[in-house]
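Please look at the structure first, then read on.

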Amino acid sequence: MESSLEAGPSVLQVRGPGIDVAAERARTPGATLAHHFNAAGAALPTASVVQAVVDHLRLEEQHGGYEAAHLVLDRVEAVYDDAARLIGATPGEIALFDSASTGLRTIIDALRLESRQRLLVSRSTYVSHALHLMSLGREHDIELVIVPNGPSGAVDLTALDAELASGGPAVVCVAHIPTSSGLVEPVAEIGVLAKRYGARYVLDATQSVGHVAVDVAALGCDALVTTGRKFLRAPRGTGFAYISAELAAALAPTAPDVRGAVWTTSMSWELKESARRFETWEASIAGRVGLGVALAEALERGSMQTETCLRTVAGRLRTALSQIPRVTVQDPPASPSAIVTFTVDGQAPRRVNELLALRNVRTVSVPASHAQWDLGARGVEAVVRASAHVYNDESDIAALVAAVTEIAGEN
């Protein structure tokens, strides 16, 4: 996808054959109502995704929840197939969850970490995952090591190598792309190191699946978790995990559920052989049907085409914002993603977010309390986060840059 910055920072032209932005806007009603730059929080769904959810709720209205679920068994099974295709896994290695946080907790708990075992984590770790890991460390005497960043802002691979070499078996937990910046971690290189030292490797891909091309074999991770509502453009309350066949066979959920286990005798049960052993019975079937539509649309767009489009748009947006007086782009150097973070001198990020909303530009403010190992460590109290998707066109980007320019000039 080709882009050009014309006539200063307030006009950004985006062109290219990879993604038909006009077509994406046409099937995304919300794209015409506001300049939406919050894909990293909850992206705009297409009309087809929403219609699929509504249609299933009507089935439940007419037939009842169990009966309606039976009518769409094939569609729900296709979710496993398409999720696997999207990330290079097999359907048996996919488990469905209501959120990435639930999936991460389930997998980490199933590892049954023991006293003095080591957890090596990235500074980019998301708040909910960090709180869980800190709780494990505090309650079970597990050593939690925050791996330092290198000059690029990404995980220092030399430091990680040294940490892995210095101790016994470890679990490595990394966020592919964080909530607090446009950083992209060197996840494939981390996978090489984890394999070299026999460490388990759990990847939080909440901000990357549907955003950048992901192949679990190439990344070398043992498990990967993502959510539906962000770059996949699926309903809230949906998500999925990849759990390698080898890891799934070696682990058991801490709370077996009828969805993933069979109660065989008075005091025994058998787990399903696939990753579904980690699932629970209750779920929003309507949400999963919507997730299936979103996955099919993501596959249709193409992972590489989407990645090229989003990186190009964000790169140009990052450049435009950096040219505005009193505006500081807060992304570290290793940030070629669709997420752009910035601050405005003299204005609290939350206030900037509110002022942008008044101008019909949708962004969010991310406080250090959501990313203490990143923003807190950098001494940044909060940032404004703008995150693009394939429905953002030239008018959206021009509106965001013009609004920030106006707000910055009010100081």
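The largest cavity is lined by Leu 86, Ile 87, Val 209, Gly 210, His 211, Val 212, Val 214, Ala 298, Arg 301, Gly 302, Ser 303 and Thr 306. Helix H5 (73-87), helix H12 (285-301) and helix H13 (303-322) each give two or more residues to this lining. Helices here are DSSP runs (H or I, at least four residues), numbered from the N terminus.

This is a predicted model, in which local features need pLDDT of at least 70, side-chain atom pairs count only at pLDDT 80 or more, and totals for chains, interfaces and linings use all residues. Residues are numbered from 1 along each chain as its sequence is written, and side-chain values use heavy atoms, without hydrogens and water.

The whole structure holds 2 cavities of 30 Å³ or more. A cavity is a set of points on a 1 Å grid over the protein atoms alone where a 1.4 Å probe fits but cannot get out; lining residues have an atom within 4 Å of a point. Volume is the space filled by probe spheres set on the points, which are joined across faces, edges and corners.

| Cavity | Volume | Lining by class |
|---|---|---|
| Largest | About 90 Å³ | 6 nonpolar, 5 polar, 1 charged |

Ala, Val, Leu, Ile, Met, Phe, Trp, Tyr, Cys and Pro count as nonpolar, Asp, Glu, Lys and Arg as charged, and the others, Gly among them, as polar.

Ser 101, Leu 104, Arg 105, Ser 128, His 129 and His 132 line the second largest cavity. Helix H6 (100-110) and helix H7 (127-140) each give two or more of these residues.

Definitions and conventions. On a 1 Å grid over the protein atoms alone, a cavity is a set of points where a 1.4 Å probe fits but cannot get out, and a pocket is an open set with protein on both sides within 12 Å along at least five of seven lines; lining residues have an atom within 4 Å of a point.
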